[in-house]
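Dear colleague,

Please find below the structure that I am handing over to you.

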Amino acid sequence: MTTEKQTPLLVDLHVKYIQSLDTKKDDLEYWLTEHLRLSGVYWGLTALDLLNNVDALKKEDVVKYVISCQHDNGSLSGFGGHVGHDPHLLYTLYSVQILVIEDSLDAVNVDKIVEYVASLQDHATGAFRGDEWGEIDTRFSYGALSCLSLLKRLDAVNVSKAVEFIMLCKNFDGGFGSSPGAESHAGQIFCCVGALAIVNSLHLVDADLLGWWLCERQLKNGGLNGRPEKLEDVCYSWWVLSALSILGRLHWINKEKLIEFVLAAQDPEGGGIADRPGDMVDVFHTLFGIAGLSLLGYPGLKLVDPVYCLPKHVVQRIGLAERYHV
Amino acid sequence: MNVEKLYQTLNKILDKHEIHEIGLLPYQSTQPNDEYYPFLFIESNLGIPLEYVDKIYKYAHGIFMNARGGIAETKDTVKSLKESTRCNHLDPINELKFIDLLFTLPKHTKHSTIWFHRKWIVLKIHQHYSSDDHLSSWQHEIVITRRVAELYPKNYYAWTYRHWILLNISNNSLQSKLFFDEELTIMKSWVQKNISDYSGFQHLQRCLIRLSKYYDNSFNDLDGISRKDILEKFNFQFQNQDLKNDNNSNLIVLLWYREIQFTKDLILRYPGHESPWYHLRFLSFGWKWLILSGYLGLNNSIEFKCVDDDKEIDQQNYNPIVKEWPDLEKDLEFSRYCIRQVDLMIINQDNNERLESMVIQKQNALAFELWISELYDRTRDDIDVKELIAKLANISMNSNYYIVQNK
């Protein structure tokens with residue numbers, strides 16, 4: 001690795017790759033991932049903006065598509081993962097994120113979204129359900145708080161109860177799981193630390209203890225895993241790194257080796273980034289690879305906000321304060 | 001081949017037979033005159049040739065969407081399944097079998113929605129039976145999570161589902177106790193065979209907590225409590241706590257003591273794995289909790305050695321270092337013993353893979369020393385702790401953590 005010349009970030013190829021995603025309608029994969037179509041737009045658009053190419057997807061089409069995923073049904077007015085799919089908190093967050101990037105929140109009825117998100121809080125525990133059926137997960141706590149914060153409507157839910165639930169999911173190692181008693185997991189840690197940052201509660205995080213655990217995720221090849229003795233994966237360049245960044249401890253990991261690892265996972269022919277070198281690329285890992293590189297200060301990329309997973313200039317435009325670095 | 005015909009043939013198979021496993025076939029192996037051509041159907045196992053999957057999927061997708069009232073008002077699959085189950089259009093027991101079947105494809109086991117749907121159905125079924133009959137159903141659920149964990153190791157949703165099973169079993173009957181005991185035994189054998197599976201160890205931790213709670217209903221399930229919390233919040237809160245000295249408290253201590261011995265033995269037998277070391281970190285944390293909350297005095301080890309003169313442990317043939325009564329000094333001693341072993345083995349080691357696992361063992365042993373020193377209130381200004389960090393900075397090449405701490 002050290003003797004080989006490192007491939008740089010292949011910006012043009014990645015832009016082309018993301019643009020091509022909606023033209024693969026003959027692939028089975030396209031059909032099997034229908035429920036993730038809206039998420040794909042968020043991942044792709046955010047990556048494009050960080051690559052200084054937000055216009056590579058036509059704003060009009062993007063906004064029109066997002067609106068077509070919204071339900072208009074009283075308190076169930078959330079967004080589905082695709083046209084005709086059920087409303088769900090996660091797709092509602094992705095929609096709001098997309099609309100914020102496109103500066104088009106006025107195209108939707110914000111009050112209805114707020115009402116939908118607020119209806120998902122469980123009053124007894126403070127936790128959030130993913131949809132009307134009641135699945136509970138700290139991912140949804142993040143989804144709700146991030147969404148409402150972007151809409152400047154955190155007043156619509158019981159924030160202190162929400163914090164109480166998140167803190168119940170903290171483990172002996174300082175990490176967080178999906179529910180009380182669930183194993184610490186870097187993805188859930190991003191959600192919990194991010195959510196606490198949004199509501200100014202970072203003082204509740206055991207920053208040194210958790211930071212140590214997060215650093216232990218870095219492996220010999222420079223990549224990061226999400227739990228002990230799991231394989232390294234490019235997406236943890238985001239989940240682990242964003243949490244460290246929010247806690248102001250990014251310098252605790254070896255940046256050079258991680259950059260090398262992410263760049264090696266690029267597809268040098270078709271563009272896009274895979275979970276690890278040699279695997280098939282997808283838009284999910286493409287975003288988290290690029291966002292990770294942005295946190296690592298890779299040249300030529302726009303800065304990313306570690307709390308909202310949005311380009312920093314977008315978060316600044318809507319006037320939200322930087323809520324990290326304790 | 002005509003897609004409508006394919007769809008009908010597939011439906012015929014599904015209507016007539018109970019299916020236990022589905023597989024996608026890279027090539028076609030049936031003859032045109034076979035009854036279910038081109039599908040392969042052998043002893044409840046269904047094989048679908050890969051080349052037809054997208055055709056049938058798109059066709060069935062269209063039918064499903066139309067059946068739910070057209071594109072504009074369609075519902076998601078899972079929601080439709082729930083509604084159909086609620087209205088008794090679908091038998092919940094068949095629905096569970098359907099999910100069992102979905103879980104034979106590894107990809108599906110990573111969807112939290114399916115696991116949640118499963119919870120929903122299980123609770124639905126339980127409504128129709130008295131709680132005495134639930135245990136056998138929970139046993140079946142354990143079997144399913146076990147199968148998924150074998151198919152897709154460290155599957156996060158399968159293990160959290162398994163925690164959920166434990167939480168649903170009341171802790172006041174002897175039957176529940178037997179269930180927890182059995183689960184603990186299963187997990188001990190699981191981690192021995194899957195030494196690098198921390199998720200397995202983590203579930204074992206849930207079993208320990210659950211059993212402790214059986215012995216003493218006031219036992220804290222440790223949700224939301226970190227190492228930092230027990231040092232700062234609880235150290236103070238528990239001051240002057242009376243020592244609990246009833247039989248059940250002693251059983252709790254014995255349970256944890258045995259687990260610590262079991263884990264140290266694993267570490268000696270399978271060097272070079274992060275998972276059992278992390279588990280030992282948890283156990284040392286739990287041990288400190290037992291001391292703080294009065295289950296265990298600082299000096300009652302002698303008493304316990306008498307209680308634990310039982311054959312079970314002697315039969316295990318443990319190394320004496322493993323049997324030491326856990327405290328800061330003994331745990332540090334254990335770690336140093338591991339390091340000496342490694343140093344002896346490294347000298348004559350020319351097998352790279354084994355050499356690497358020795359280095360990992362040493363890193364983990366040193367990191368455990370750091371963990372336990374801090375757990376027993378030594379700060380990073382302490383001279384021994386500083387020395388530890390210097391050693392770690394010297395051999396840990398992965399992250400910058402110890403290098404930064406060493407400055």
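Where is the place of B:Lys154? The residue is in the loop of chain B between α6 (134–151) and α7 (156–168), where helices (H or I, at least four residues) and strands (E, at least two) are DSSP runs numbered from the N terminus. Phi of B:Lys154 is near 60 degrees, a positive value in a residue other than glycine.

Before the remaining findings, a note on conventions. This is a predicted model, in which local features need pLDDT of at least 70 and side-chain atom pairs count only at pLDDT 80 or more, while totals for chains, interfaces and linings use all residues. Residues are numbered from 1 along each chain as its sequence is written, chains are lettered from A and ligands numbered from 1 in the order in which they are written, and side-chain values use heavy atoms, with hydrogens and water left out.

Two further backbone features deserve a mention. A:Asp103, in the loop between α5 (89–101) and α6 (110–119) of chain A, has a positive phi near 50 degrees, although the residue is not glycine. In chain B, the peptide bond from B:Tyr37 to B:Pro38 is cis, with omega near 5 degrees, and B:Pro38 lies in the loop between β1 and β2.

Those strands belong to a sheet. It is an open sheet of three strands in chain B, with the order β1-β3-β2 and mixed pairing; two strands pair if DSSP finds at least two bridges between them. β1 (21–25) and β2 (40–42) of chain B stand at the edges with a single partner strand each, so one side of each has no neighbour in the sheet. On average, neighbouring strands of this sheet are turned by 20 degrees against each other, direction ignored. β2(B) pairs with β3 (residues 45–49) of chain B in the antiparallel sense over three bridges, and B:Ile42 has B:Asn45 of β3(B) as its bridge partner. Helix α2 (residues 50–67) of chain B lies across β1 and β3 of that chain, running at about 90 degrees to β3(B) (axes are lines fitted to C-alpha atoms, for helices over the stretch in contact, and angles run from 0 to 180 degrees between N-to-C directions).

I turn now to the interface. The contact (heavy atoms within 4.5 Å) takes 61 residues from chain B and 51 residues from chain A. The area buried between the two chains is about 4,800 Å², of which carbon and sulfur atoms give 53%; buried area is the accessible area (1.4 Å probe) that two parts lose on being put together, summed over both. In chain B, B:Tyr156, B:Asn398 and B:Tyr401 lose the most area to chain A, together 14% of what that side buries.

Finally, the salt bridges (a side-chain nitrogen of Lys or Arg within 4 Å of a carboxyl oxygen of Asp or Glu). The whole structure has 37 of them over all chains, and four are found across the interface of chain B and chain A. A:Lys170 forms a salt bridge with B:Asp229, with the closest N and O atoms 2.8 Å apart. Another salt bridge joins the side chains of A:Arg217 and B:Glu274 (3.3 Å, N to O). This pair crosses between chains, from the loop between α10 (207–215) and α11 (236–246) of chain A to helix α12 of chain B.

With kind regards
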